[in-house]
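Here is a short note for a colleague who is new to this structure. Please keep the model open while reading the points.

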Amino acid sequence: MLELQQLSRHFGGVKALDQLSFEVRAGDIHGLIGPNGSGKSTTVNLISGVYRPTSGLVKFKGKDLGDLETDRRVHLGISRTFQNIRLFGNLTVWQNIWAARVVRSEGLKGFRERWLSGASRAKEDAELLLSFGGLEDKRDVLASNLAFGEQRRLELIRAAASGSDLLLLDEPAAGMNAEEINDLELRIRELRKLGRTILLIEHHMELVMSVCDCITVLNFGRKIAEGMPGEIQQMPEVKAAYLGSDLPTAA
Amino acid sequence: MDLLDLIDLIQALTDGVLFGTTYALIGIGFTLIFGVMHKINLSYAAASIGAAYLSLVLVNLVPAPIVYLGAALAGGVLGWLIYLICFRFIPLENPLATLMSTVGMLLAIEELISHLTLGMPQNYPALFANSNLEFGSFFLRGDLLFIFFLGCAAMFALTMLLKRTKLGLATRAVAQQATAAQLCGMSVSATNGATFVIAGLLGGIAGSMAGAAIGVLSPLMAMPLTVKGLVVTVIGGLGSIPGAIIAGLMVGGAENLFQFLRGVSERDIYVMLLLFVFLTLKPGGLFAAPGGRD
Amino acid sequence: MDFYLGLAQVIGIHSLLGLSAWCVLHTGQVSLAQGGFFAIGAYLAGMLTSMFQWPLGYALATGAVSACAVAIAIGFPALRIKGLMLVVATTAFAEIIRLFFFNFKWRVAGPEGLVGPDGSLGFGGIRYFPANGWSSFELNALIWSLVAMVMVLLAWLDRSRVGTMWRAIGEDELAAQCAGINLTAAKVSAFGIGGAIAGLAGGIFAHYATHIEHGNFGILLATFAIAYPILGGLASLWGTIIAVIFVQGFLLEGLRFLGEWRSLLFGVLIIVVMIIRPSGLLKASLGMRGRLNKAAREPEYRRDQAKSGTTDEVHHA
């Protein structure tokens, strides 16, 4: 579904990404890990269109994304969450989801949806997502007033509301306690069952090892390892990248 | 165009550039405050003119250079007052509120000046008004030259202040990371206040320079000076002092050039268009503040 | 009685101006250009009725549409400029418009001599209302029905997808983009609609005042335009109207007895209000914090700077 070919991104003299190549297969939950500064967020920003590559390609469903604007990428089927939560603070929970959902019914396809099957279809989807995130009783609360865990859930369902095939999750577990992480894992699995592909950037090794089908490891902007969770845990390069500390095995 | 016209053109350009130091100082003032507090003080130019008015008190008592010094000091005091009234008590997260409060201050200052002077322009002392350096038909106006050097001296003093003193360091630290600066023991509000004072000192000099160049002070000068100052700040790049200097000289020169070519009533249109040209080509300004990575 | 009718007319016109700024401010763009669009509408509509004997309706409509077109033209380059740079750029734009009209001369023969804009002398003789026997009351009816129409339009837009998208952009542009919202379409449309409303207001103003000149359309007017939504609070349309009533009605007229000191007190009052209630008189504003803090970016860095870590205000749920 997603293919990065020799992707590089330089900021002045700093090579944030250096000839990175990997593939995410449709239906997978693909993990992207690495120490801080290894280029994980840069990768997400390149895929979602926030940055443009210095060289190399991002191919989605076989097509080179090139210079495509971020919002067009969303319509093609890529959506994302943010490491530091970026909700629409002064909009309610419902409005946050609605904003992402309603954008889908643009153009001819949207016209049909709005006038023939009525706006109810979009409302249904949004309601479903609301309950998927467990936020039904918070629908009229302003996003900035939610508890931290609820905000993270809202970020997740807002990204899902775009109806995208590929979800980029940028450290969704950061700051969460064990129970919230379990919840998150369940939701991610549920999303995959519903047909989404997921690229998960995370530091939380337990979550990554538990939920991912395949993992790519970055360090200093380059890929240093790739494989299934079990393999990754054994690789000395990976251990070395994390300063020699042993990686915990999957729970 | 024959030689005489060409000389006139260069004359206009030179006069403009020399006067441009005034705009440069105003631009530096705007950019200093923006750099440190990420806010625009729209009343800055008005306060500068106000400082010049305040220095009128000294006019018949002391020689002209002391009058200018008086204007600078008045500007510093006004700057601190504006910080106190318009910025100190409004939460930092509310830039619209501070914008509006400085607008209110701008109105208040203009009106106050109008009332106290009954709307009559006041004469302002100029130095070297009648001595010029002549090179045939081309001459460097003495008063403008003085203003130019005064402006340069002020900029030099500012650079020394920012690079060599503790206060300067504090200013730069707070500009970059206010919370961390606080954790290092710097008082953010004191530094901000000090920045306003420094900007005010510069503004006072600029106000007196404007008065000296034109020969009179009038409340009507506040608005155009504000607009030109903002144009200079934007062209130079928000937060960049070298940018403001270069842009100031450029705008001064361009303004006079346009006046020479198209007359005084159309002059400002072209100055604004110059701004738009810059915004299209270099939206960040000449020396854009670097954007963050993450 | 006539005095109050006149006051109501001024309040109505300024309400339209405030509503036009409300529109643009919603998407997070602080624009001081509304005065410029106001001027375009004023001169154009005035010229069409007094010089070419157009009926009022067509003149007003043309004024609004032209202002809208200019606004859209400005809206595109404005996309590349954010925050305070946009404030300056729009101020400069409004100044260009004002200076243009300062120099603009076009007079044609009219029933009582030459009529038309006369550069710095202004543009007099826009006598549509007196010539056609409109009473003060009828004028008010016209103005306020236009205000009502615009409010209904904006309320409808606000409730619709357009409104949600505008607000989302006003909250966080990057997040909005990553949710699939087309920034260009939304911001330019906000600019355009705001421009149209301002142009309409200008057209009415020209006929109400019968004589207009460049000084009417300066930075002060532009400041009033954004002051109304800011003072009234961006969350609701009524806030803007109430702010207009407050400013025009109480402040400027009510303080008449203070004579020439009115404007000074107005300035002081703005400061006081902003210190006491920074988010506006009515409910809190729409996430404008951080919006003005962003300097313009190089095109290469498309990402916004991280939001400042300051605590958000508490709203009533």
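1. Start with the sheet. Six strands of chain A form an open sheet with mixed pairing, in the order β6-β7-β8-β3-β9-β10. Strands here are DSSP runs (E, at least two residues), as helices are (H or I, at least four), numbered from the N terminus. Two strands pair if DSSP finds at least two bridges between them. The edge strands, each pairing on one side only, are β6 (78-80) and β10 (222-227) of chain A.

2. This is a predicted model: local features need pLDDT of at least 70, side-chain atom pairs count only at pLDDT 80 or more, and totals for chains, interfaces and linings use all residues. Residues are numbered from 1 along each chain as its sequence is written, while chains are lettered from A and ligands numbered from 1 in the order in which they are written.

3. Look at one end of the sheet. Strand β9 (residues 214-219) of chain A runs antiparallel to β10(A), and five bridges join them. A:V217 has A:A225 as its bridge partner in β10(A).

4. Now the whole chain. Chain A has 10 helices and 10 strands. Its radius of gyration, taken over C-alpha atoms, is 18 Å, close to the 18 Å that the globule rule (2.2 Å times the number of residues to the power 0.38) gives for 251 residues, so chain A is as compact as a globular protein of that length. Along the principal axes, the C-alpha atoms of chain A fill a box of roughly 55 × 40 × 30 Å.
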